[in-house]
Amino acid sequence: MAKFFGNLHLVLVAGLVLSLALMFGLHGDALTAQSVTRWLHTFFGIVWIGLLYYFNLVQIPTMPKIPAELKPAVSKHIAPSALFFFRWAAALTVLLGLIIAVQAGYAHQAFTLQDPYKLIGVGMWLAVIMAFNVWFIIWPNQKKALGIVEADDATKAKAATTAMMTSRLNTLLSIPMLYTMVSFNGG
């Protein structure tokens, strides 16, 4: 068992196989492209927001407590890997959410905040803003702060602050966004 659970890729494949077995075995009569898209949207949303909360609840508050000689382990290995999954989970969550809205026929009404799609529309706009922040503010600044791209110490410090503040903004926005997503019943 240790060998199985020690292999993340094998665990993910097994989880996918188990999900497919449940989908086709217990829910096959109601399985549609939209139900699969919703499932994937939810999965990638959990990865995205889970990593957002990891950064804000664990990594950022813990970094000042880590001895200086151990900080490169986080900044050179853990953070870049987590940020990779964070960025792509954000992109896939938004893309799949847009596909759901198009498949269900409410994308235009939601984005223009028309009844009865205002609630999900607000959630969609919050998600788009948050994904924009991930790709165009947090990631470029994290590259500087983590030394992935060249930057002097002052630029690194400023970039770290900008990335942290934007990440905190995303944390703030994630709470009402989650409400809109959970509360909307789009069928």
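What follows is a short chat about a predicted model of one chain.

Me: What does the secondary structure of the chain come to?
Reply: Seven helices and zero strands. From the N terminus on, the elements run α-α-α-α-α-α-α. Keep in mind that the model is predicted.

Me: What box do the C-alpha atoms fill?
Reply: Roughly 55 × 50 × 25 Å, taken along the principal axes.

Me: And how many of the residues count as buried?
Reply: The chain has 187 residues, and 32% of them count as buried.

Me: Which residues make the nonpolar surface patch?
Reply: L16, L20, F24 and W39. The patch covers about 380 Å².

Me: Which helix gives the largest share of it?
Reply: Helix α2, residues 8-26, with three residues. L20 lies in that helix.

Me: Switching to charges. How many positive and negative side chains are there?
Reply: 12 positive and 6 negative. The centres of the two sets lie 1 Å apart.

Me: How many salt bridges does a search of the whole structure find?
Reply: One. The side chains of K118 and D115 meet in it, at 3.9 Å, N to O. The cut-off is within 4 Å, so the 3.9 Å pair counts.

Me: How accessible are K118 and D115?
Reply: K118 counts as partly exposed, at 42% relative accessibility. D115 is exposed, at 58%. The line for exposed is over 50%, so D115 passes it.

Me: What separates G6 from A33?
Reply: Their C-alpha atoms are separated by 33 Å. Along the chain, G6 and A33 are 27 residues apart.

Me: Last one, on contacts between residues at least 6 apart in sequence. What share joins residues at least 24 apart?
Reply: In this chain, 68% of those contacts.

Definitions and conventions. Residues numbered from 1 in each chain as written. Predicted model: local features only at pLDDT ≥ 70, side-chain atom pairs only at ≥ 80, totals over all residues. Heavy atoms only, no water. Helix = DSSP H or I, 4+ residues; strand = E, 2+ residues; numbered from the N terminus. Buried < 20%, exposed > 50% of the residue type's maximum accessible area, 1.4 Å probe, protein only. Contact = heavy atoms within 4.5 Å. Lys, Arg positive; Asp, Glu negative; His and termini not counted. Charge placed at Lys NZ, Arg CZ, Asp CG, Glu CD. Patch = residues over 30% accessible without salt bridge, like charges linked within 9 Å, V, L, I, M, F, W, Y side chains within 5 Å. Areas by Shrake-Rupley, 256 points an atom, 1.4 Å probe, with all protein chains shown as cover.
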